[in-house]
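Please read this briefing alongside the sequence and the coordinates.

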Amino acid sequence: MDELLTGFADALTPMNLLWALVGVTIGTAVGVLPGIGPALTVALLLPVTFRLEPAAALILFAGIYYGGMYGGSTTSILLNTPGESASVVTALEGNRMARAGRGAAALATAAIGSFVAGTIGTILLSVAAPLVADIAVGFGPPEYVALMAVAFVTVSALLGPNLIKGAAGLVLGVAIGLIGIDTLTGQPRLDFGLPALLDGVDVVIVVVALFALGEAFGHLLAGTGDSRVMPVRGKAVLSREDWRRSWPAWLRGTAIGFPIGSLPAGGADVPTFLSYALEKRLSKRSHEFGHGAIEGVAGPEAANNAAAAGVLVPLLTIGLPTSATAAVILTAFQSYGLQPGPQLFTESGDLVWALIASLYIGNVMLLVLNLPLVRLWARLLSIPAYGIYAGVLVFATLGTFAAGGTTTDLLILVGLGLIGLLMRRAGVPAAPAVVGLILGPLAEQQLRRALALSDGDWGILVSGPLTVTLWILAILALLAPAVVAMRHRAAATDD
């Protein structure tokens, strides 16, 4: 509790409050704009925030992260175009409500549910993160190797359309992460004879290229499309009946979202679908589902935001990102020389608690921003997509050049951006590549330490109950998608 109070003292300073407000405002705006999510935005801002203090930059990024979750509901409800996969379920009922003239009520239950779930989730984060960090302090090299194996398998399976494409992105990221001088032998590797690659490839350049340039190139080639925006009629308020139907869904969505989001194999997608299914099962008005049931918006939106808080538990305590935005935020930590993990709470405790305290403050700011200004956010949907992505290209290029200041950085940026475009066209996700880029060299380092401790005996990797358990989890996560696919095929054959 004392640490959290100290965190509030830091987060409530005028400059940090300003950065929190800037973050949630930008996050809401980019959440509203179709195709522009928090991961891409954080990636774009990484090069231009190097001059900020670490606490200010991370508070800014956390505000963008939470704000993007709020803003994504606006796009889903009014445009029927989810900005992220976690907002898909919101569009099912939310857009139906908007078509029936109840878009304002849908936006209100989404915003208030996000506030309730985000606040409860942040409280649980404050309690759970230190406990998990205390347990993780006892991890040695064998445990970290096994944990990295779990991370690689689950990230490949969850952040991609299938395990093979997720693994392809992961392998690409690991390969990029290993470019440069081998720290053990001093020999260059994967440098292709280019002196510019001897120091490796800057993580920020890779993230900006794969997320920002790859996304922009893809949209510019595919065209902008044409979608109809539902108008917002009336104020974003809830009637007494809407309140009565919404608040149990908010609490149930929070109860589903946070624990699943906290799992290394969690994320925000699964709890939103589970919440929707639960609300449909429990509702006395199940016939309204598919035609604009308010519970179908309230529950999944709460689950989405509670899971967003839960995702920060493995990120901060063991350095494991389970979403695309978390992977980019992990890059932000590393750009300031900070490695999320159990030591983060002891070595940089003031920064971590200021970050957590800013989440409470950001939730209040988001509620104040979203309800009165809902018409303003809706107007952002009228911005032409080609203008948005042209701006992304310019901003990414200027930010990268400002950070590195060399033509080589720009060439690498464009080259990796084209690779990002090819990945997008092939359906290979960028998020596993970022995870592999960051965790690959760490996994190699821990594996070498483990083998050095055992004089080359690989048995050390399965020498304790915790390592065995983690390897079993990795194997189960590897086999689970195949088993699920087989069951679906069997069910389809029976039908």
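In this predicted model, helix α1 (residues 2-11) and helix α15 (residues 349-370) have axes that come within 7 Å and cross at roughly 70 degrees. Angles of 65 to 115 degrees count as roughly perpendicular, and α1 and α15 are therefore roughly perpendicular to each other. The points below begin with the residues that make this contact and then turn to other topics.

**Contact of α1 with α15**

- On the side of α1, the contact is made by Glu3, Leu4, Thr6, Gly7, Phe8, Asp10 and Ala11, while α15 contributes Asp350, Trp353, Ala354, Ile356, Ala357, Ser358, Tyr360 and Ile361.
- Sorted by class, the residues in the contact of α1 with α15 comprise 9 nonpolar, 3 polar and 3 charged.

- The crossing in which α13 passes α19 is left-handed.
- From α13, the residues Ala324, Ala327, Leu330, Thr331 and Gln334 meet Ala431, Val434, Val435, Ile438, Leu439 and Leu442 of α19, and this contact has 9 nonpolar, 2 polar and no charged residues.
- Helix α12 (residues 295-318) also packs with α13, with axes that come within 11 Å and cross at roughly 35 degrees, and the crossing of α12 and α13 is right-handed.
- In the contact of α12 with α13, Val311, Leu315 and Leu316 of α12 meet Ala326, Ile329, Leu330 and Phe333 of α13, and these residues divide into 7 nonpolar, no polar and no charged.
- Leu330 of α13 is listed in the contact with α19 and is listed again in the contact with α12.

**Aromatic pairs**

- The rings of tryptophan 243 and tryptophan 250 have centres 5.4 Å apart and planes at 85 degrees, which means that the pair is edge-to-face.
- The two tryptophans fall into separate accessibility classes, because tryptophan 243 has a relative accessible area of 39% and is partly exposed, whereas tryptophan 250, at 3% relative accessibility, counts as buried.

**Tyrosine 389 in helix α17**

- Tyrosine 389 lies in helix α17 (residues 385-404), and with a relative accessible area of 3% this residue is buried.
- The C-alpha atom of tyrosine 389 is separated by 7.2 Å from that of leucine 220, although these two residues are 169 residues apart along the chain.

**The chain as a whole**

- The protein chain contains 20 helices and 2 strands.
- Of the 495 residues in the protein chain, buried residues make up 54%.
- When contacts between residues at least 6 apart in sequence are considered, 79% of those in the protein chain join residues at least 24 apart.

Notes:
Residues are numbered from 1 along each chain as its sequence is written. This is a predicted model: local features need pLDDT of at least 70, side-chain atom pairs count only at pLDDT 80 or more; totals for chains, interfaces and linings use all residues. Side-chain values use heavy atoms; hydrogens and water are left out. A crossing is left-handed if the near helix is turned anticlockwise from the far one by less than a right angle, and right-handed if clockwise. Helices (H or I, at least four residues) and strands (E, at least two) are DSSP runs, numbered from the N terminus. Contact means heavy atoms within 4.5 Å. Ala, Val, Leu, Ile, Met, Phe, Trp, Tyr, Cys and Pro count as nonpolar, Asp, Glu, Lys and Arg as charged, and the others, Gly among them, as polar. Rings of Phe, Tyr and Trp (its six-membered ring) pair if their centres lie within 6.5 Å; planes under 30 degrees apart count as stacked, over 60 as edge-to-face and the rest as tilted. Buried means under 20% relative accessible area, exposed over 50%, partly exposed in between (1.4 Å probe, protein chains only). Axes are lines fitted to C-alpha atoms, for helices over the stretch in contact, and angles run from 0 to 180 degrees between N-to-C directions. Angles under 35 degrees count as roughly parallel, over 145 as roughly antiparallel, 65 to 115 as roughly perpendicular and the rest as oblique.
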